[in-house]
Amino acid sequence: MQINRLFEIVYLLIDKKQMTANDLAAHFEVSKRTILRDIDTLTMAGIPIYTTQGKGGGIFIQDSFVLNKAFISPEEQKQIMFSLQSMAATRLIETNQVLGRLRSFFAAPGKEWIEVDFSRWGYSEIDNKKFELLKHAILNEFAVKFDYLSGHCETKDREVYPLKLSFKSKAWYVQAFCLKANDYRTFKFTRISNMAMLDKPFNSSEYQPPTMDMLEEPPAMCYVDVRVRVSQGAKYRIYDEFEASEIIAHADGTLTLRMPQDAPWISDYILSYGTLVVVLEPQHVVDDLLAHMGKIKGKYSHET
């Protein structure tokens with residue numbers, strides 16, 4: 001993460017007095033070009049960093065420069081720690097080192113108050129490895145290749161310039177420039193497999209992916225109010241999966257849910273509740289559900 005690297009560059013230059021761009025690149029395992037961009041960023045932020053050419057030259061920070069915490073109010077210190085702890089809590093960004101140094105600098109106690117794990121149940125190690133590889137490829141600007149399962153259940157090999165990881169609607173996505181399609185594409189993280197980083201650098205400043213909302217125009221959708229009787233053991237799912245505005249609770253304990261009309265997956269979704277949900281109305285939804293159950297029964301009758 002750049003904020004971590006920027007802070008540590010300043011820390012190293014204060015501690016070691018002078019380092020070369022190659023030394024810093026080797027330390028952070030990034031390209032020399034990335035380090036030079038970081039130095040430009042720090043310089044524009046007002047940090048007095050200088051470079052000298054030739055034998056014995058390198059990157060150094062003005063001797064009189066000190067990090068003065070008096071310029072940062074206690075409330076601002078808390079906000080900085082809050083932001084870093086929030087990023088660390090995702091487990092996708094390594095901020096422990098910078099957090100430790102800032103705690104010492106601010107004389108702040110270590111208080112772990114938040115934890116977030118975006119990986120799937122039972123897939124933490126696999127997901128974290130993919131996240132780490134993608135993070136490295138995005139920050140260091142290298143292409144990646146992987147197999148991708150499309151929405152049509154077709155697996156195709158892809159080669160892309162990864163530009164951004166985005167979290168939207170309970171799922172992670174990779175925004176990238178696809179070399180085969182010669183266009184921007186968005187890939188759902190869970191459908192990616194066999195990923196590897198390629199020795200093929202690119203310049204991310206030449207690419208600007210569209211916003212997530214612009215990637216696909218949502219289809220116009222009609223809705224239907226479906227009244228159901230839900231067993232107590234399944235009500236938690238209703239409130240997990242529907243917005244409060246899409247649920248009407250009735251005095252008799254039944255619920256009316258606002259659901260997409262004629263969506264092909266509606267019957268499968270209702271059946272995922274098993275015997276814990278009974279559809280009461282409208283009748284055409286009940287009829288569709290019974291017809292769907294008949295098709296399922298027919299498949300098993302055919303097998304026997």
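Me: What should I know before we start?
Reply: This is a predicted model: local features need pLDDT of at least 70, side-chain atom pairs count only at pLDDT 80 or more, and totals for chains, interfaces and linings use all residues. Residues are numbered from 1 along each chain as its sequence is written, and side-chain values use heavy atoms, with hydrogens and water left out.

Me: Why is the pair of Tyr 148 and Phe 187 called edge-to-face?
Reply: Rings of Phe, Tyr and Trp (its six-membered ring) pair if their centres lie within 6.5 Å; planes under 30 degrees apart are stacked, over 60 edge-to-face, and the rest tilted. Here the centres are 4.9 Å apart and the planes stand at 75 degrees, so the pair is edge-to-face. A search of the whole structure finds 15 aromatic pairs.

Me: What makes this pair a tie between separate parts of the sequence?
Reply: Helices (H or I, at least four residues) and strands (E, at least two) are DSSP runs, numbered from the N terminus. Tyr 148 is in strand 4 (residues 142–149) and Phe 187 in strand 7 (residues 183–188), so the pair ties together parts that are 39 residues apart in sequence.

Me: Why does Phe 187 count as buried?
Reply: Buried means under 20% relative accessible area, exposed over 50%, and partly exposed in between (1.4 Å probe, protein chains only). Phe 187 has 2%, so the label is buried. Tyr 148, at 8%, is buried too.

Me: How do you know that Glu 141 and Arg 33 form a salt bridge?
Reply: A salt bridge is a side-chain nitrogen of Lys or Arg within 4 Å of a carboxyl oxygen of Asp or Glu. The closest N and O atoms of Glu 141 and Arg 33 are 3.2 Å apart, so the pair qualifies. Glu 141 is buried at 4%, whereas Arg 33 is partly exposed at 40%.

Me: What makes Arg 37 and Glu 141 a salt bridge?
Reply: Their N to O distance is 3.4 Å. Arg 37 lies in helix 3 and Glu 141 in the loop between helix 6 and strand 4, so the pair ties together parts that are 104 residues apart in sequence. Salt bridges that share partners join Arg 33, Arg 37 and Glu 141 into one network.

Me: How do you know that Arg 258 lies over the face of Tyr 223?
Reply: A charge sits over a ring if NZ of Lys or CZ of Arg is within 6 Å of the ring centre and within 35 degrees of the ring normal. Arg 258 is at 3.9 Å from the ring centre of Tyr 223.
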